[in-house]
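Please prepare a short briefing on the structure shown below.

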Amino acid sequence: HFCCTRVMQDMIQCIGGIGVILTLFGQLYLKYVSKAQSSEVLSSVLTKLLELMEALINGSPFYMRDMMHMEGFPILGHLIKRADAKNIHPEMVGAIEKMLIGMLDRGDTKIPY
């Protein structure tokens, strides 16, 4: 498989799309956050992954369809519900809020809940 692009969104799609980001988020969560091995660096990385997911989902309907097709929202919700409240930072909540606001602004009729 060969993929050549200069656009970041396309590069992410070349390596597996939003599923790669969701998998990375899940692996970091399961390995560190769920075992109370949180740190500011880990929280920062998880926040950046959420912000990247938000930018991709709100930047392209393709990524939204991809996320819905793989049932990524219930997976993400499950991980967040299992997190200890001390590991949820305002920036993470902000990224999730932006994701939902973007979906509402576009008028998506199949908003996952």
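This is a predicted model: local features need pLDDT of at least 70, side-chain atom pairs count only at pLDDT 80 or more; totals for chains, interfaces and linings use all residues.

Residues are numbered from 1 along each chain as its sequence is written, and side-chain values use heavy atoms, with hydrogens and water left out. Helices are DSSP runs (H or I, at least four residues), numbered from the N terminus.

**Nonpolar core**

- A nonpolar core is taken as a set of buried Ala, Val, Leu, Ile, Met, Phe, Trp, Tyr and Cys residues joined through side-chain atoms within 4.5 Å, where buried means under 20% relative accessible area, exposed over 50% and partly exposed in between (1.4 Å probe, protein chains only).
- The largest such core has 25 residues, and those with the most contacts inside it include Ile18, Phe25, Met53 and Phe73.
- At least two core residues come from each of α2 (18-31), α3, α4 (61-69), α5 (72-82) and α6 (90-106).
- Helix α3 gives the largest share, 7 residues.
- Leaving aside residues up to four places away in sequence, Ile18 is in contact (heavy atoms within 4.5 Å) with Met53, Leu56, Ile57, Tyr63, Asp66, Met67 and Met70.

**Packing of α2 and α5**

- The axes of α2 and α5 come within 11 Å and cross at roughly 20°; axes are lines fitted to C-alpha atoms, for helices over the stretch in contact, and angles run from 0 to 180 degrees between N-to-C directions.
- That makes α2 roughly parallel to α5, a label for angles under 35 degrees.
- On the α2 side, Leu22, Phe25, Gly26, Tyr29 and Leu30 meet Gly72, Ile75, Leu76, Leu79 and Arg82 of α5.

**Salt bridge**

- The count is 1 salt bridge, defined as a side-chain nitrogen of Lys or Arg within 4 Å of a carboxyl oxygen of Asp or Glu.
- Glu51 pairs with Lys48, and their closest N and O atoms are 3.5 Å apart.
- Both residues lie in α3 (residues 40-59), 3 residues apart, about one turn of the helix.
- Glu51 is partly exposed at 29% relative accessibility, whereas Lys48 is exposed at 53%.

**Backbone at Glu71**

- Most residues other than glycine have a negative phi.
- Glu71 is not a glycine, yet has a positive phi of about 55°.
- Glu71 sits in the loop between α4 and α5 and is exposed, at 53% relative accessibility.

Technical notes:
Angles under 35 degrees count as roughly parallel, over 145 as roughly antiparallel, 65 to 115 as roughly perpendicular and the rest as oblique.
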